[in-house]
Amino acid sequence: MHDNSLDARQILRDLGVPAPVSVARVTGGRDTAVFRVNLGDGDRALRVYGAGQMDGLWREVEVMEAARQAGLPVPRVHAVGIDDERPALLMEWCRGRPVTHELKARPWSARHQGVLFGRTHAAIHGVRAPAVLHELGRSWIAWARDDELGARLSERTHREDALLHLDYHPLNVMTDGGAITGVLDWTNARAGDPRADYARTLSILRLDAEVEGRLAPIARVVIRRFELGWRQGYHEAAGEPSDLAPYLAWAGTVMQHDRAPRPGVPGGLTPERLNHIRTWTAEWKRRAGW
Ligand SMILES: Nc1ncnc2c1ncn2[C@@H]1O[C@H](COP(=O)(O)OP(=O)(O)O)[C@@H](O)[C@H]1O
Ligand SMILES: [Mg+2]
C-alpha cells in the first residue's frame, strides 16, 4: 500500500490507544502498511489495510487467535479498527527480524534457519483449521481461479481440515536467530491439504525469489540451502509429502494471478517472468499426468 497520507496516530486514536511515544513506518506492502508503535510499555505493530478489506480482516484475526491458542508463535491481537475505509490491526510486536534479514546478515546459518522454518511450517499443518475458514467460496482449490485445474484436482482425494497459511515465506516469519518468534500475515489462510501450502512455499522460494526481487538481495545459493533446511525440518516433523505434482501445478497457477500486474501497483510480474512461471506450471501438470 503506497498511501503516504496514512495518519497512523489518528488510526491509533480511533482504536482508543493512548498517545504513542513514537510511530515509525516499517513497510508498505502491496496491500497493507505496517508501523512500529512504541506505547511506552513496549512495542506494537499496527497493520493498516485498504478500504473494503474489513471482512478479510475479521477472518484473519479469528485465524490468528486460533493459531495462537493452538500454541503456534503468532502475535497476540490487541485491537481491531473497524472503520471500513481503513481497517487496522494492532498486535504484539515480535522480537527479532524477518528470516529474510537474518539470511542476509548471517548467510552461513541458512540451513539451520531453514530447519526451524520447516518445523514451524509442519506445526501449522498440525492445527485444525478454525470454522471461519470453512466458509463457502474459500476452498483452497478455488483460489487458483482455473476451472479446468479445479475439476482435475477435485477428482483426487485431499485433506480439507488442516490450517494452511498460504503465504509462508521468509518475509512473513520472524526469528531471533535461535527460534521462530512470530508467523505474520495470515491474510491468505485457508483450510485444506498441507501439500498445497508446502507447494505454495516451494513455488515462492523457487519462482518468487527471482521474480519479484523480494528475496533477490539474497544469493540463490543461500535460498537453496535455506530450502534444503526447510524441507529437512518439515519432513522430520511431519513426514515427506507424497504426490506433490498436482499441488505444484496448483501453486504455479495461483502465482500467475497472485503476482499479476495490477494498475497503479508496483511489483507485478513482467511478461518474461510470467512466461517462466507458465512453463514451470505446465511441467508440473505434465508430471501430474494432466
Ligand atoms: N507483529 C509484528 N512484529 C514485528 N514486525 C512485524 C509485525 N507485523 C509486521 N511486521 C513487519 O512488517 C513486515 C510486513 O508485515 P506483513 O504483515 O507481512 O505485511 P505485508 O506483507 O502486507 O507488507 C514484516 O516483514 C515485518 O518486518
Ligand atoms: Mg507479508
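Which residues coordinate the magnesium ion (ligand 2)? Some notes on that and a few other spots.

1. Ground rules: this is a predicted model, with local features needing pLDDT of at least 70 and side-chain atom pairs pLDDT 80 or more, while totals for chains, interfaces and linings use all residues. Residues are numbered from 1 along each chain as its sequence is written, chains are lettered from A and ligands numbered from 1 in written order, and side-chain values use heavy atoms, without hydrogens or water.

2. The metal: Asn-172 (OD1) and Asp-185 (OD) coordinate the magnesium ion at 2.1 Å. Donors here are N, O and S atoms within 2.8 Å of the metal (3.2 Å for Na, K and Ca), and with water not among the atoms, sites may look incomplete. Asn-172 sits in the loop between β7 (162-164) and β8 (173-175), and Asp-185, 13 residues apart from it, in the loop between β9 (180-183) and β10 (190-192). Helices (H or I, at least four residues) and strands (E, at least two) are DSSP runs, numbered from the N terminus. Both Asn-172 and Asp-185 are buried (under 20% relative accessible area; exposed is over 50%, partly exposed in between; 1.4 Å probe, protein chains only).

3. Helix α7: the buried set includes Phe-226, Trp-230 and Tyr-234. Exposed Val-221 and Glu-236 are on the face turned away. Gly-239 follows α7, with a positive phi near 85 degrees.

4. Six residues connect β4 to β5, and Gly-81 stands opposite Ala-88.

How values were computed
Pairing = 2+ DSSP bridges.
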